[in-house]
Structure formats: structure tokens, C-alpha cells
Amino acid sequence: MKPSSFAAFRTVFRKELHDFVRDRRTFLMALLLGPLVYPLLMLGMGKLMETRVSTQLEKSLEVPIVGAQYAPNLIEFLGTLDIHAKTPPKDLVAAIRSQDEDVALVIAPDFAEQWRAGKPAKVEIVADSTRTNSDVPVQRLRTALEGYSRQVGALRLVARGVTPQALNAVAVNQRDVATAEAKQGRLMSVILPLILTLFAFIGGANLTMDVTAGERERQSLEPLLATPVSRGALVTGKMAAAGIIGIASVVLTLLSFKLSAAMSTSAMASSLDVSFPAIARMLLVLAPLVLIGTSLLTFISAGAKSMKEAQSHMVWLMFMPMLPGYALMAYPLKDQDLWQYAVPFLSQNQMLVKATRGEAASMEQWAIYLVCAFALAGALWLAAIWRYRQEKLAISA
């Protein structure tokens with residue numbers, strides 16, 4: 001870059017940052033809202049989920065049981081597991097649909113007859129599978145009934161002089177070779193990459209759109225374009241200012257995850273690898289994505305005549321980082337497939353998954369990822385400069 005171009009770049013960079021910081025409310029919202037809200041929200045949800053499950057597992061479970069008089073032994077067995085029978089409502093289905101009851105049990109009238117004959121005695125669990133608050137009670141009741149079935153079946157075999165082990169022709173064991181970090185980071189490998197890629201991609205969106213579409217709407221872009229400054233230096237200065245905001249947002253988000261995980265006692269928080277080397281690896285993964293997002297938003301904003309038009313693109317832009325997650329659910333990829341590290345968003349997702357699992361990416365994977373990511377950012381940067389060279393950009397709405 002020529003000395004004059006570098007001076008222009010520095011002037012534009014300082015001017016855009018100064019204007020953005022001067023609007024304190026917008027600056028704080030753009031820089032601090034995500035880093036403060038999303039980690040606390042995610043970790044808080046994890047804590048609430050753990051509290052709900054532990055509470056429902058520890059407290060006594062009262063279940064409406066229809067036909068309890070047909071199976072006194074079963075009722076007594078359930079009582080030993082702190083599951084107690086209560087009088088069922090008149091309309092059992094309506095009570096469950098209205099969430100007055102979470103789960104109910106219906107015992108067939110011929111339960112005792114089938115039980116004495118050594119046949120499977122019928123019971124029915126009644127629940128609404130679309131209600132998440134009934135998941136734990138239903139599973140708890142089902143586990144208890146399966147335990148009763150195994151215990152009675154084993155006693156029947158013993159009474160006939162047959163060892164219960166005769167039912168198991170093959171003893172199947174499973175050895176899990178996953179590392180402790182990978183087990184702990186299983187849930188976070190889905191949530192964390194999505195949050196981080198989204199923040200890195202649109203972290204500088206407010207400033208990016210304002211310095212192009214916003215200035216065009218305020219009719220302050222035309223005088224700037226009339227100056228003898230190269231369009232490349234002009235675009236680079238504006239993008240650098242937005243990129244600094246994006247990088248700062250990513251850094252604050254990573255640090256807030258570290259602080260939240262250190263302060264929280266939930267299992268979800270303990271699954272995070274919040275060491276500084278892990279944070280450094282994540283930052284290296286996300287830095288090219290900040291440049292890609294800033295370049296793409298600059299290109300889009302240069303074609304918009306107003307902030308409202310530019311902001312209308314945020315719907316599909318926010319959807320783009322989510323695509324790899326949906327694709328991987330339907331078609332999981334193996335680590336040996338190197339082409340995935342060249343695909344935007346998919347590559348960031350896979351690299352962040354490695355970081356959350358405590359795994360180290362190979363030099364070949366790093367090379368493919370960084371070369372392709374910076375190449376895409378460079379192509380979008382050139383496209384944004386091309387947009388700025390068009391005469392119609394100086395025409396305000």
C-alpha cells in the first residue's frame with residue numbers, strides 16, 4: 001500500500017471507530033450484549049435443566065393409577081422406589097392433556113390372572129409425549145416397571161430351577177475409547193460452535209452497515225467518494241474498523257464463557273474447555289470468519305440504498321452459520337474428509353468441535369482451513385471494492 005493510501009486508510013479507520021464509539025448506546029449494545037447475555041443464558045439454562053431433573057428424581061412421585069387393586073404387589077414395589085399411587089381423576093386423558101397430571105398408569109383388570117399364569121401382565125403408561133415436563137416422570141415410572149418385570153421374571157426362573165443367566169446367551173460389553181474431554185464436550189460441541197460462528201460472522205454488522213448503507217442514506221457518503229482517495233483504501237479502512245469491533249466481540253464472548261464456566265457449578269459449565277490455549281485456538285479459527293462476514297456485509301451494504309434495506313438481509317445471513325449443524329445431523333462427516341475444511345461455516349464448525357472435544361487439528365487441516373478462509377475473505381474484499389467503484393453508489397436514496 002502506498003504511503004498516501006495508507007494515510008487515507010488510517011484516517012478512515014480512525015474516523016469510523018470514533019463515530020461508532022461516540023454513539024455510546026449502540027457501541028455498548030453491539031460490543032457487550034452478546035458476550036454478556038448468551039453465555040449466561042446458555043449456562044443458566046443448563047443449570048435450570050439440571051435442577052429440574054434432579055428435583056423430579058429426588059422428590060416423591062405421585063401417579064394416578066387406574067386398577068391399583070388388581071396389582072397390590074406392583075403397587076408395593078413402586079412404593080419402595082418412592083412412587084406412590086393416588087386416586088385417578090374421572091377423565092384421565094383430559095387431566096394429562098390439561099397438564100393437571102404428568103403421567104398415569106392403567107393396570108388391566110386381568111393383571112392378576114395373567115400374572116399367576118406366568119404370562120405378561122398388561123399395564124399402560126398414559127402421558128403426553130409433546131410435554132417436556134413429563135419426560136422425567138415417565139422415564140422414572142418406566143424404569144421402575146421394567147425393574148419389577150426383570151425381578152419377577154428372575155424369581156420365576158429360580159422357582160423352576162433355571163438360572164436367570166440362561167436368558168443371556170451372549171454377554172455384551174462396550175468399551176468407550178472417547179476421551180474425558182470429548183465426553184464432557186459432547187453437548188457443547190453442538191451449541192458452542194453455533195453461537196461462536198454466529199457472533200463472529202455478524203459481530204461487526206452494525207458498524208459495517210452504518211458506514212456504507214447508513215452514510216448513503218444520510219447523504220454523507222457522496223462527499224467522501226468525491227475525495228481523491230483510492231476506493232481500496234476507503235473500503236479497507238471501513239472494513240478494518242468493523243473487523244476490530246467483530247474481533248473484540250469474539251474475544252469478549254470467549255472470555256465471558258470462561259468466566260461463566262469458572263463461576264458455575266453445573267455439569268454443562270464443567271464441560272467447557274476454558275483454558276487460554278483453547279481460547280487462543282478458537283480465536284484463530286474465528287478471526288478469518290470475522291473478515292468474511294465484514295467483507296460480505298460491506299458488499300451487501302454497498303448495494304443497499306438505506307439501512308432498512310441492508311438490515312433486511314440479516315434474516316438469511318443469520319441462517320447461514322446454522323446450515324452446517326443441520327447438515328451434520330443428516331450426514332455426519334468423518335475427520336479424514338479434508339475437503340470439509342475448505343467449506344465456509346462447515347470448516348469453522350468442525351474446527352471448533354475439535355477444540356471443544358480437546359482434540360488438536362493436524363497441520364494439514366489448519367493449512368487448508370486458513371488458506372481457503374483468507375482466500376474467500378480476500379475475494380469478498382475485492383468484490384466490495386468493485387462495488388465502491390460503481391458510480392451509482394454515490395446516488396442516495
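Helix α18 covers residues 363–388, which is 26 residues, and spans 37 Å from its first C-alpha to its last. That is close to the 38 Å expected at 1.5 Å a residue, the expected span being 1.5 Å times one less than the number of residues. Helices here are DSSP runs of H or I with at least four residues, strands are runs of E with at least two, and both are numbered from the N terminus. This is a predicted model, in which local features need pLDDT of at least 70 and side-chain atom pairs count only at pLDDT 80 or more, while totals for chains, interfaces and linings use all residues. Residues are numbered from 1 along each chain as its sequence is written, and side-chain values use heavy atoms, with hydrogens and water left out.

Among the buried residues of α18 are W366, Y369, L380 and Y388. Buried means under 20% relative accessible area and exposed over 50%, with partly exposed in between, using a 1.4 Å probe and protein chains only.

Let us turn to helix α3, residues 72–80, where L74, I75, F77 and L78 are buried. Seen down the axis of α3, these buried residues fall within an arc of 160 degrees, so they line one face of the helix; the arc is that of the directions from the helix axis to the C-beta atoms. The face turned away from that buried side carries the exposed residues P72, E76 and T80. After α3 comes D82, with a positive phi near 65 degrees.

Finally, the whole chain: 18 helices and four strands, with buried residues making up 41% of its 397 residues.
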